Amino acid sequence: MLRQTANTLKQSRNITPCYNVMRTYSNMPPPVGGYSSNGGSGDSFNKREKAAEDYFIKQHEKEQLRNLKEQLKHHKEQAQDLEEKIEKITKN
């Protein structure tokens, strides 16, 4: 028993010591584009997210443009109808 305890103590001395590590924080806020603690993989996520947002915005703008063109077409038809009515009234 004593021999086993001695061997265990010898083995425990061969273990490297564990150092306490303390993380310090600065008072500066993280960068505006986001904070990446692993040195860049967050940057690719931000690029992908921005691309998705840009795509959504572009699709939304296309839809708005399509709606405006339809409204313009409708108003032009109304204006044409009113001009025809005015011409009919002025001819009589």
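**Briefing: a helical chain in a predicted model**

The protein chain exposes about 9800 Å², and carbon and sulfur atoms supply 57% of that area (Shrake-Rupley method, 1.4 Å probe; for residues, only the protein chains shown count as cover). This is a predicted model: local features need pLDDT of at least 70, side-chain atom pairs count only at pLDDT 80 or more, and totals for chains, interfaces and linings use all residues. Residues are numbered from 1 along each chain as its sequence is written, and side-chain values use heavy atoms, leaving out hydrogens and water.

- The protein chain has 2 helices and 0 strands (DSSP runs numbered from the N terminus: H or I, at least four residues, for helices; E, at least two, for strands).
- Buried residues account for 0% of the 92 residues (buried is under 20% relative accessible area, exposed over 50%, partly exposed in between; 1.4 Å probe, protein chains only).

**Annotated region**
- An unreviewed UniProt entry annotates residues 58–92 as "coiled-coil region"; such annotations may be inferred rather than shown by experiment.
- Over residues 58–92 the chain is 97% helix and 0% strand. The end C-alpha atoms of this stretch are 51 Å apart.

**Salt bridge**
- The structure holds 1 salt bridge (a side-chain nitrogen of Lys or Arg within 4 Å of a carboxyl oxygen of Asp or Glu).
- Asp54 and Lys50 form it through their side chains, at 3.1 Å, N to O.
- Both residues lie in helix H2, 4 residues apart, about one turn of the helix.
- Asp54 is partly exposed at 37% relative accessible area, and Lys50 is partly exposed at 48%.

**Negative patch**
- Glu77, Asp81, Glu83, Glu84 and Glu87 form a negative surface patch (residues with over 30% relative accessible area and no salt bridge, like charges joined within 9 Å; Asp and Glu count as negative; charges are placed at CG of Asp or CD of Glu).
- Glu87 sits in helix H2, residues 41–91. Glu87 is partly exposed, with a relative accessible area of 47%.

How values were computed:
Patches are made of residues with over 30% relative accessible area and no salt bridge: like charges are joined within 9 Å, nonpolar side chains (Val, Leu, Ile, Met, Phe, Trp, Tyr) within 5 Å.
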